[in-house]
Amino acid sequence: MKHTRLRRTTGLAMAAALFAAAPFLSAQAQQQHAHVHGQLKLDVAVDGPTVVIDMESPLDNIVGFERAPKTDAEKKAVEDAVAVLRAADKLFVVDPAANCKLGPVDLRSGALGLGNPDPAEPVGHADLDATFSFNCTNASAAKFIDVNLFGAFKGLRQIDSQIASAQGQFKRQLKRPAGAQASQPVRLSWGK
């Protein structure tokens, strides 16, 4: 895999632009957003004093259905999932060397009435998108994130991730571990 050095920039907008400029993203950027049950997309940007994680997932992966909740049990499932996602520092444990603390969490889903969802979201295929920001004293020291999504969400089988950091740009894929290991964190690492 070819690694491209990143220029030192500030601001989340610039971190997002890094993803758009990545060579391995050019083909993907031309394709329409894929909505695949069991798969989740994570984009990680390490920029200045922050680590920002953008997540895109079919709602089914998170709550087991893709529409507004109808029953009390479904409403409870949504409430529980939202609480888990808001406690993102338990889902994403950033490398302790970076000394990060959870900052703003932004959840978006039209079906659940959260945030400002994507207006282009197809009817009947609802998503849950999120942005998790971590404020760090040494973000550039981060070399991994321990991801606890498989243990939290039983419908999830695969995580496709892209990382942009001072060490370069990387693409990783995480699969649900088998058996008892499925509830354990999976390490998303980068660097040289």
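A: Buried means under 20% relative accessible area, exposed means over 50%, and partly exposed covers what lies in between. The model is a predicted one, and the labels below are to be read with that in mind.

Q: Why is aspartate 54 called partly exposed?
A: The relative accessible area of aspartate 54 is 30%, and since buried requires under 20% and exposed over 50%, aspartate 54 is therefore partly exposed. This residue lies in strand S2, and beyond its neighbours within four places in sequence it is in contact with Lys41, Leu42, Asp43, Ala130 and Thr131. Aspartate 54 and threonine 131 are 77 residues apart in sequence, yet their C-alpha atoms are 4.5 Å apart in space.

Q: What makes strand S5 largely enclosed by the rest of the structure?
A: Strand S5 spans residues 127–136, and nine of its ten residues are buried, so the strand is largely enclosed by the rest of the structure.

Q: How do you know that strand S2 and S5 pair?
A: At least two bridges are needed for two strands to pair, and nine bridges join S2 (residues 50–58) to S5, with the two running antiparallel; glutamate 56, for instance, has aspartate 129 in S5 as its bridge partner. Strand S4 (residues 100–108) is likewise joined to S5, by seven bridges and in the antiparallel sense, and there the bridge partner of valine 105 is phenylalanine 132.

Q: Why is cysteine 100 said to form a disulfide with cysteine 136?
A: The cut-off is a pair of cysteine sulfur atoms within 2.5 Å, and the S to S distance here is 2.0 Å, so cysteine 100 and cysteine 136 are joined by a disulfide. The pair links distant parts of the chain, cysteine 100 in strand S4 and cysteine 136 in strand S5, 36 residues apart. The link is right-handed, with 100° about the S-S bond, and by this rule the count comes to one disulfide.

Q: Which residues have the most contacts inside the largest nonpolar core?
A: That core has 45 residues, and those with the most contacts inside it are Val51, Phe92, Phe132, Phe134 and Leu149. S5 gives the most to this core, with five residues. Leaving aside neighbours within four places in sequence, phenylalanine 134 is in contact with residues including Val51, Ile53, Phe92, Val94, Cys100 and Leu102.

Q: What makes S3 and S9 edge strands?
A: Three strands form an open antiparallel sheet in the order S3-S6-S9, and strand S3 (92–94) and strand S9 (186–189) are its edges, each pairing on one side only. The twist averages 25° from one strand to the next. Strand S6 (residues 144–147) and S9 pair in the antiparallel sense over four bridges, where aspartate 146 has arginine 187 as its bridge partner in S9.

Q: Where is the pLDDT below 50?
A: The chain averages a pLDDT of 82, with 77% of the residues scoring at least 70, and among its elements S3 has the highest mean pLDDT (98) and helix H2 (residues 26–30) the lowest (37). Over residues 1–32 the pLDDT is below 50, although this stretch has 49 contacts in the model beyond near neighbours in sequence. Where pLDDT is low, the predicted coordinates should not be read in detail.

Conventions:
Residues are numbered from 1 along each chain as its sequence is written. This is a predicted model: local features need pLDDT of at least 70, side-chain atom pairs count only at pLDDT 80 or more; totals for chains, interfaces and linings use all residues. Side-chain values use heavy atoms; hydrogens and water are left out. Buried means under 20% relative accessible area, exposed over 50%, partly exposed in between (1.4 Å probe, protein chains only). Axes are lines fitted to C-alpha atoms, for helices over the stretch in contact, and angles run from 0 to 180 degrees between N-to-C directions. A nonpolar core is a set of buried Ala, Val, Leu, Ile, Met, Phe, Trp, Tyr and Cys residues joined through side-chain atoms within 4.5 Å. Contact means heavy atoms within 4.5 Å. pLDDT is the predictor's confidence in each residue, from 0 to 100.
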